[in-house]
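Here's a quick tour of a ligand site and of a helix pair. Have a look at the model first, then read on.

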Amino acid sequence: MSRLKVAVIVGSAREASLNRLLALTMTRLAKQDIEFDWVRINDLPLFDQDILDRGPPAEVERLKAHIRRADALLFVTPEHNRSISAMLKNAIDWASRPLGASAWAGKPAAIAGASYGRIGTAAAQQHLRAILGCLDVYVMGQPEAFIHLYPGLVTPEGEVTNEETRLFLQRYMDRFESWTRRFLHAASAVQ
Ligand SMILES: Cc1cc2nc3c(=O)[nH]c(=O)nc-3n(C[C@H](O)[C@H](O)[C@H](O)COP(=O)(O)O)c2cc1C
C-alpha cells in the first residue's frame, strides 16, 4: 500500500500545549505507512485582503504548499471561548484564498482536541466542522475525539498511560487512515 502524507495542523503554539501533545500521541499511534508533516501556522500575519492583493507573504505560500501536497489533514484544536483558536482560524482563512485557489478543497480530514476540562473541545470541534464543510473538506464523522487530557494521561513523550484511551486513539487513527484511503481510491478511479 502507498505511503500516506498527512498534514498535522495544531491550533496552539504554546510550548506546553495539550493539543500538540495530543497530536504527537496520535501520530505515534498511527501505522508506519503514514508520514506526518507538521504545519507551522504561528508566523502568519493576521489575514488582511490588502496583503493578499499585494501578493501573499512567503509564509502563506509555504502553508498552502504544505496543504496541497498532503493526502489528508489532521486538525488538533484547542477550545477558545467555545470556538477554535484565532490562530487556527487565521490559517484556515489564509489558505482558503484567493477565491477559487483554496488549498483545502477536496481533502479528507479528521479533527480532535484536548482540554483539561471534561468538555474536551467538543464545542470548538463543532465550529471547525462547520468551517471545513464550507471549504469542501471531507471531515470524518466518527469516532469523535473529545479528549479530557488530565495530568498524567499522556507522558511528555506521547505515551498514553490509560489502556482504554490508548486503544481508542489507535482505533481513531486506523479509522482515519481508512477514511483517507477511500478518498484516494475514489480519486484514482475517476482519473
Ligand atoms: C482565550 C481562551 C479561551 C478559552 N476558552 C475555553 C473554552 O471555551 N473551553 C475550554 O474547555 N477551555 C477553554 N480555555 C482553556 C483551554 O482549554 C486551555 O488553555 C488549553 O490548555 C488550550 O490548549 P493548548 O494547551 O493546546 O494551548 C480557554 C483558554 C483561553 C486562552
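Predicted model: local features only at pLDDT ≥ 70, side-chain atom pairs only at ≥ 80, totals over all residues.

A polar side-chain atom of Asn19 sits 2.8 Å from one of the ligand's oxygen atoms.

| Residue | Atom on the protein side | Atom on the ligand | Distance |
|---|---|---|---|
| Arg14 | side-chain N or O | oxygen | 2.7 Å |
| Asn19 | polar side-chain atom | oxygen | 2.8 Å |
| Asn81 | backbone N or O | nitrogen | 2.7 Å |

How much of the ligand's accessible area does the protein cover? On its own the ligand has 610 Å², and the protein covers 69% of that.

Now for the rest of the shell. Besides Arg14, Asn19 and Asn81, the residues around the ligand are Ser12, Ser17, Leu18, Pro78, Glu79, His80, Arg82, Ser115 and Ile119. Sorted by class, the shell has 6 polar residues, 3 nonpolar ones and 3 charged ones.

On to the helices. Helix α3 covers residues 58-69 and helix α4 covers residues 86-95. Their axes are 9 Å apart, and the two pack at an angle of about 80°. Angles of 65 to 115 degrees count as roughly perpendicular, so that is what α3 is to α4.

Which residues meet where these two helices pack? From α3 come Val60, Leu63 and Lys64, while α4 brings Ala91, Trp94 and Ala95. By class, this contact of α3 with α4 has 5 nonpolar residues and 1 charged residue, with no polar ones.

How values were computed
Residues numbered from 1 in each chain as written. Heavy atoms only, no water. Near = heavy atom within 4 Å. Polar contact = N/O pair within 3.5 Å; in protein donor to acceptor, adjacent residues only side chain to side chain. Areas by Shrake-Rupley, 256 points an atom, 1.4 Å probe, with all protein chains shown as cover. Nonpolar A, V, L, I, M, F, W, Y, C, P; charged D, E, K, R; others polar. Axes fitted to C-alpha atoms, helices over the stretch in contact; angles between N-to-C directions. Helix = DSSP H or I, 4+ residues; strand = E, 2+ residues; numbered from the N terminus. Parallel < 35°, antiparallel > 145°, perpendicular 65-115°, else oblique. Contact = heavy atoms within 4.5 Å.
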